[in-house]
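Thanks for making the time this morning. I would like to walk you slowly through one structure, so please keep the view open while I talk.

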Amino acid sequence: MDEARTPFDDLPGDLMIWVLIVSELLVFGAGLAAFLAVRLTDPAGFAAAQDHLHRAGAGFNTLVLVTSGWLAALGARAVEVGHIARARWQLAAAAALGLVFLAIKGVEYADKAAQGIGVETHPFFTFYYLITGFHAAHVAAGVLVLLLVALRGRPREVEAGAAFWHMVDLVWVLVFPVIYLLR
Amino acid sequence: MKYQTQKIALAYFVVAMALFAVQVSLGLVLGWIYVDGNFLSEILPFNIGRMLHTNSLIVWLLLGFFGAAYYLLPEESEREIYSPTLAWIQLAIFVLGTAGVVVTYFFNLFEGNFLLGKQGREFLEQPLWVKVGIVVAALIFLFNVSMTVLAGRKTAITNILLLGLWGLALLFLFAFYNPSNLALDKMYWWYVVHLWVEGTWELIMASILAFLMLKLTGVDREVVEKWLYVIVAAALFSGILGTGHHYYWIGTPGYWQWIGSIFSSLEVVPFFAMMAFAFVMVWKGRRDHPNKAALLWSLGCATLAFFGAGVWGFLHTLHGVNFYTHGTQITAAHGHLAFFGAYVSLNLAIISYAMPILKGRDPYNQVLNMASFWLMSGGMVFMTFTLTFAGTVQTHLQRVMGEAYMDVQDQLWIFFAMRFGSGVAVVLGAVLFIYAVLVPRREIIEPGPLEQDRIAHDPDHMAAE
């Protein structure tokens, strides 16, 4: 007997990557919600701590990551119509921009360390390090995923990899205003 | 029974049920000590009794898992077990080790001896020689089941089951590492304790539950496997970093409070998914399986695991809450219903499914077994409520009002008395279960005219046997 087609069958990539994406969004969402809740208890302290961040650097990083997401989307489209070589270049470029993001992030962390700011300095920085650190770890994983799916060049896998990368992108677009900009 | 070596499971299940009887009987004794603090204080000090209660639980659950693996792997991989002899040696080591622990602790033999004497680390109290025995037995088991699966058909169920069993055995190795720094000691201790029950054991649970659903409901393997993968992904995603909810107050850095709170809150997801899975499979089912007792235990397992592990776990997992409830009777309430729902019920489900087949009594009436489900589960749920109320009162008096521990314990007496009553129901239920799967050879309740008519005239209707 045929099982009726479910909406799950029409998901791009694979059901499991969407289980992961939803789980990640729940975790980052809960992290940002907790950040905002704790911020209510000490708005002045949070604002003062926030002044130590590089807003321009993080803003530039937003451009880097969004551009990278666009390249990954192009790669996914290219591999679907059989342009494997072009898709590989686009995915590799997306991964390279991921590395640029990590390099800028590294400079930011190094600067914090130089100022003697650590994870226990202030609740703001506990969340800052936890959330951006978890995010950076996902960028690093995403770079590897993009390179892996580019190498294998299968449309379904590229779709799944690109979907993961868009999640990393989306999370950053939420993290950036909440942690760096919100006054 | 399609494969002769499935018979190995019978011995594992029988030993497991014997230890189950020991475990709940000791529970009853401990429950009475809460009512009358001096009961047996010379012969069986509370700490020894408590160690025997928890360790016999862990050992019988493990023996149940091993039995389940020996039962289901031949059917799944379509092969006889690689070596029945190794399986018997493994069981013998476990029985010897268990007897060794009981004798060593009961008579306090070899005091201070590093190899033979007691060890005080909670749940890992086994003397060193027993720990080594456990590792040897686990290696024999893993070799045996891996060789079976490698030679045969590989399914999602066999893969997840093996992943869980390998993870279980490897994580036990942290039992040998005991740093003198108390914070580090606790940190690694949870690698065994938490990553067992909220990690690898969940994989074992999900795969055994998937096997039961496959057999009992006849739903397509493809559908069962999809659910299984989602459940396992959710369990590992939330459970591994969920370890952080044990790192709030042991001396680890403060950021663990957020990692633990967020990830462990998500631990409710796989348990909800397992409950949804079990009920959806029955709903979509295309087989009216005669073993209603196994189905009852499977659904009961998924439901009580969701409440015991999921809801009662979430109840005190956020660090703001746990700051007040840590180590109160709230923890005991959660511990009892979580273990009963998730792992005891699961073992009793696979035992209920396999025993009639293993003993060649298929089909037969399991009404006594089903009665034991309601008796045991009812008792356990009542116990969970009494302990939850006790814990709530305790949290307020002790942690909010600052009253002394023993003064508070006095005021909790009524809850402990009621808990003892519910313990009696659980023990009676356990004894009834063991009797029901081992002894009766014929139907206990004859079907009435309505049921007989349906059996005679409705070709789709299967008798509840």
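What you see is a predicted model, in which local features need a pLDDT of at least 70 and side-chain atom pairs count only at pLDDT 80 or more, whereas totals for chains, interfaces and linings use all residues. Residues are numbered from 1 along each chain as its sequence is written, while chains are lettered from A and ligands numbered from 1 in the order in which they are written.

Chain B averages a pLDDT of 94, with 97% of its residues scoring at least 70; pLDDT is the predictor's confidence in each residue, from 0 to 100. For the complex, the predictor gives an ipTM of 0.93 and a pTM of 0.94.

Let me take the first helix pair, where helices are DSSP runs (H or I, at least four residues) numbered from the N terminus. In chain B, helix α1 (residues 8-35) packs against helix α12 (residues 329-358) at an angle of about 130°, their axes being 11 Å apart; axes are lines fitted to C-alpha atoms over the stretch in contact, and angles run from 0 to 180 degrees between N-to-C directions. α1(B) and α12(B) are therefore oblique to each other, given that angles under 35 degrees count as roughly parallel, over 145 as roughly antiparallel, 65 to 115 as roughly perpendicular and the rest as oblique. On the α1(B) side, B:Ala9, B:Leu10, B:Phe13 and B:Ala16 meet residues of α12(B) that include B:Asn347 and B:Ile351, contact meaning that C-beta atoms, placed from the backbone, lie within 7 Å. By class, this contact has 8 nonpolar, 1 polar and no charged residues; Ala, Val, Leu, Ile, Met, Phe, Trp, Tyr, Cys and Pro count as nonpolar, Asp, Glu, Lys and Arg as charged, and the others, Gly among them, as polar.

The second pair is α2 (residues 46-77) and α5 (residues 156-172) of chain B, which pack at about 145° with axes 10 Å apart. Among the residues meeting there are B:Leu73 and B:Glu76 in α2(B) and B:Leu161 in α5(B), and the contact has 5 nonpolar, 2 polar and 1 charged residues.

How many residues of chain B are in contact with chain A? There are 17, and they touch 15 residues of chain A. The largest share of the chain B side, 7 residues, comes from α7(B), and that side divides into 13 nonpolar, 2 polar and 2 charged residues.

Finally, in chain A, the end C-alpha atoms of residues 17-183 lie 35 Å apart, and the span is 88% helix and 0% strand.

Note on methods
Helix = DSSP H or I, 4+ residues; strand = E, 2+ residues; numbered from the N terminus. Contact = placed C-beta atoms within 7 Å.
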